[in-house]
Amino acid sequence: MAMRGLHSIFQIKGFFLMSNGTHTLATGFFSIADVERDTGLAKDTLRVWERRYGFPNPGRDGAGDRLYPPEQVARLRCVRRLMDAGYRPRHIVALELLKLLELQALVAAAPIAPFLPPPVLDDPLGLAFYLDLIARHDMHNLRLELAQSILRIGLIRFITLVMAPLNTAVGDAWMRGRFEVFEEHLYTECVTGVLRNAMASIASPRGLGTPRVLLSTFPHEPHGLGLLMVEGLLALEGCQCLSLGTQTPISGIAQAAVAHKADIVVLSFTALLSAKTVVTGLSALRHQLPPRMAIWAGGQCAALYQQKIPGVLAIQALESLAQQVASWRISG
């Protein structure tokens, strides 16, 4: 199953058409924008790898723009899956396709770690129901059922007990080859719209004890779903939230925090960034912010919880956000 997406690429001849609808130029080569959309790897990342590892190694068109052959796109898709499984780029980017496929097969065959219980939805429909809707590309009914789930159990329980395990399941399906990048993107857009609509009904907080919270991610961290979940939970706790979206330069985060007089800066991380990048970036941000501004960081980056970063609060569980807000009010 893990090889299904790659196999489908090689079966198409002549004018290449990826499963997400992204197509190449008539030459059969992909532009850097096509590669970014198909693999989820940022353009800047592709350029850095080209200089650092010698791969990818695109050709150029008459205007000097990069053109990627299909076999390099196939390798990049494998690399992205392995990165999501915890591999660091320096260990895999330069590997040949067959070796990448071997590693991907090992990852797909590996059982879920015993200390991580399989995600269970607090929803009678169950994980399989939602995953099947995604697989059938039935976004209309997926959107409808998720919205109904919010009405049934409330926004807090939806975020922590439905959305969180469903995100895990979708990510696992992508890593194991059941879903393609475009299916993961469709799911993300769908659940983002549902959550945004639900958050629009939350009354704007006023008065003392209302922390002003700035939310963002670091450069090369394109995933914003976790950030949106945190924003929803903080809004329900009476926080005044301002999101910069994803991939904001560290200096830009600091400038925005000062300009908007933020009390707390919240950052979300997946496993895409290296531990060194995360720790160094958070330390740099801490030095650029006034001491009174708190920094909260959370997500899937193990480095956040393996070592204490001075002046940074690592939040491992969404459920603890309410207590952290209460503690902030007491200490403030």
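Contact here means heavy atoms within 4.5 Å. The model is predicted: local features need pLDDT of at least 70, side-chain atom pairs count only at pLDDT 80 or more, and totals for chains, interfaces and linings use all residues. Residues are numbered from 1 along each chain as its sequence is written, and side-chain values use heavy atoms, with hydrogens and water left out.

**View 1. Trp296 and its contacts.** Trp296 is in contact with Leu234, Ile264, Val265, Val266, Leu267, Leu313, Ile315, Leu321, Gln324, Val325 and Trp328, leaving aside neighbours within four places in sequence.

**View 2. The largest nonpolar core holds 43 residues.** A nonpolar core is a set of buried Ala, Val, Leu, Ile, Met, Phe, Trp, Tyr and Cys residues joined through side-chain atoms within 4.5 Å. Buried means under 20% relative accessible area, exposed over 50%, and partly exposed in between (1.4 Å probe, protein chains only). Leu142, Leu234 and Trp296 touch the most other members. At least two residues each come from α7 (126-135), α8 (139-153), α9 (155-175), α10 (181-199), β4 (212-216), α11 (225-236), β6 (264-269) and α15 (321-331). Helices (H or I, at least four residues) and strands (E, at least two) are DSSP runs, numbered from the N terminus. Helix α9 gives the largest share of this core, 9 residues. A second, separate core has 24 residues, among them Phe218, Ala257, Leu267 and Ile309.

View 3. Helix α3 spans residues 43-53, and its Thr45, Leu46 and Trp49 are buried. An α-helix has 3.6 residues a turn, so residues three or four places apart point the same way. The cover over the buried residues of α3 includes α2 (32-39), β3 (66-68), α4 (70-84) and α5 (89-92). Just after α3, Gly54 takes a positive phi of about 75°.

**View 4. Parallel pairing of β6, β7 and β8.** Two strands pair if DSSP finds at least two bridges between them. Strands β6 and β7 (residues 294-299) pair in the parallel sense over 6 bridges. Here Leu267 stands opposite Ala297 in β7. From β6 the chain crosses through helix α13 (residues 275-288) to β7, in a right-handed β-α-β crossover. Right-handed means that, with the strands pointing away from the viewer, the path from the first strand over the helix to the second runs clockwise. Strand β7 also pairs in the parallel sense with β8 (residues 312-315), over 4 bridges. Ile295 stands opposite Val312 in β8.

View 5. Ser268 lies in strand β6. Ser268 is buried, with a relative accessible area of 11%. Not counting residues up to four places away in sequence, Ser268 touches Ser216, Thr217, Glu221, Gly226, Leu227 and Gly298. Ala302 lies in the loop between β7 and α14 (303-306). Ala302 counts as partly exposed, at 39% relative accessibility.

**View 6. An open sheet of 3 strands.** The strand order is β1-β3-β2, with antiparallel pairing. Strands β1 (30-31) and β2 (59-60) stand at the edges, each with a single partner strand, so one side of each has no neighbour in the sheet. Strands β2 and β3 run antiparallel, joined by 2 bridges. Arg60 stands opposite Arg66 in β3.
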